[in-house]
Amino acid sequence: MAKIGNIDLGEFPLLLAPMEDVSDPPFRAVCKENGADLMYTEFISSEGLIRDAIKSRQKLDIFDYERPIGIQIFGGDEEPMAMAAQIAAATNPDLVDINFGCPVKKVVSKGAGAGILKDVPKMIKLTAAVVKATSLPVTVKTRLGWDDDSRNIEEVAERLQDVGIQALTIHGRTRTQMYKGNADWTLIGKVKNNPRIHIPIFGNGDISTPEQAVSAREKYGVDGIMIGRAAIGYPWIFNEIRHFIQTGEHLPPPTVLERVRVCKKHLYHSIAWKGEIVGILEMRRHYTNYLKGLPHIKDFRQQLVTYKTLAELEEVLDAIATQYKDHIFERTAPQITEDDDLPTDNEMEHCNVYG
Ligand SMILES: Cc1cc2nc3c(=O)[nH]c(=O)nc-3n(C[C@H](O)[C@H](O)[C@H](O)COP(=O)(O)O)c2cc1C
């Protein structure tokens, strides 16, 4: 049983990764429905929270049906981070998570995100300040180290535990790797199997199939896994993994009807959260992912990303459900975007990370 403070996450929990511009309430709603055991908000700038910036504030929106849910904050300075933890805690999440893993230059250059991996004493002081600032459990998400020559996660994990964090998620890459190459789980396993470590250790990086999840559990002994990219447009991944763990068998891939149903649910949540105009605009980035695997879908997709009313979008989605009702989906791993397609500095430039 994995437990964070009093939060019982059950056996081998499957966590939805915090993802900027992705893991907002509408996306979380469909991941929750499909079996995510613990979810996080997108990362929220401590400076933005203190300034009361709209974008940061909105990211604090959490709903009871999402529990347990963690709010993730980032920043490079103790005092603003402690204040941000208090602001986050006031919205009553189940836990507060600190982001020490973001590799983006804009964040790292301020000593925040993975930038702090270069200054472990500062990382420890900052974490202690956050732990002191709130009565909620504090967790951390980080990487193996700054670069190949400084893969210091074993030391970091012990020291973070010593100042009171209650769970640690490790993404098996260094900062300089960004999202390139394969995640290396060996060190994650070493942290987990360190007899000094008693907090839950969650592994993260490149899990996209039930087999990989089972192998991560058996090989590295982690207490649970966190899934990011594989859930984008494919929230069924959580139930698929859970089912495979429990039965050793695969669930059939979701039918087109199911895909359209969940896509609509995502759209409805998006509109309920942001209003019809913005909700429809923000949903546009998700259609390609939901429609992966359907042949000759370009015209429909074009309509989905241009139409402006809910009625029109529902009509297109219903037409897709009808036209492809006999389509047989192959059971393939949801595609993980690799290497340069990932949110490097350029891709994330549009993200108002300090907004
Ligand atoms: C679009 C995108 C946005 C991300 N934003 C965040 C974030 O806000 N906070 C964070 O800790 N990690 C963030 N990450 C990293 C993921 O949480 C995760 O560590 C990484 O994608 C590796 O896991 P995966 O292979 O399962 O995707 C982001 C990743 C992606 C692809």
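Biologist: What percentage of the 355 residues in the protein chain do buried residues make up?

Modeller: Buried residues make up 47% of the 355 residues. A residue is buried if 20 or more other C-beta atoms lie within 10 Å of its own, exposed if 12 or fewer, and partly exposed in between, with C-beta atoms placed from the backbone. This is a predicted model, in which local features need pLDDT of at least 70, side-chain atom pairs count only at pLDDT 80 or more, and totals for chains, interfaces and linings use all residues. Residues are numbered from 1 along each chain as its sequence is written.

Biologist: How do you know that the radius of gyration of the protein chain agrees with a compact globule?

Modeller: The radius is taken over C-alpha atoms, and the globule rule is 2.2 Å times the number of residues to the power 0.38. For 355 residues a compact globule would have a radius near 20 Å, and the protein chain has 20 Å, so the two agree. The C-alpha atoms fill a box of roughly 60 × 45 × 35 Å along the principal axes.

Biologist: Why does C102 count as buried?

Modeller: C102 has 25 C-beta neighbours inside 10 Å, and therefore counts as buried. Leaving out residues up to four places away in sequence, C102 touches F43, F74, V107, G113 and A114. Contact requires that the C-beta atoms of two residues, placed from the backbone, lie within 7 Å.

Biologist: What makes β4 a partner of strand β3 (residues 14-16)?

Modeller: Two strands pair if DSSP finds at least two bridges between them. Two bridges join β3 to β4, and these strands run parallel; the bridge partner of L15 in β4 is L38. Five bridges join β4 to strand β5 (residues 69-74), also in parallel, and I44 stands opposite I73 in β5.

Biologist: Which residues touch the most other members of the largest nonpolar core?

Modeller: They are L15, I73, I225 and I227, in a core of 96 residues. At least three residues come from each of domain 1 (9-252) and domain 2 (256-323). A nonpolar core is a set of buried Ala, Val, Leu, Ile, Met, Phe, Trp, Tyr and Cys residues joined through C-beta atoms within 7 Å. Beyond its neighbours within four places in sequence, I227 is in contact with L14, L15, L16, A17, I207 and I237.

Biologist: How many Å separate the centres of domain 1 and domain 2?

Modeller: The centres, taken over C-alpha atoms, are separated by 29 Å. The contact takes eight residues from domain 1 and ten residues from domain 2. The domain bounds come from an automatic or database domain assignment.

How values were computed: Helix = DSSP H or I, 4+ residues; strand = E, 2+ residues; numbered from the N terminus.
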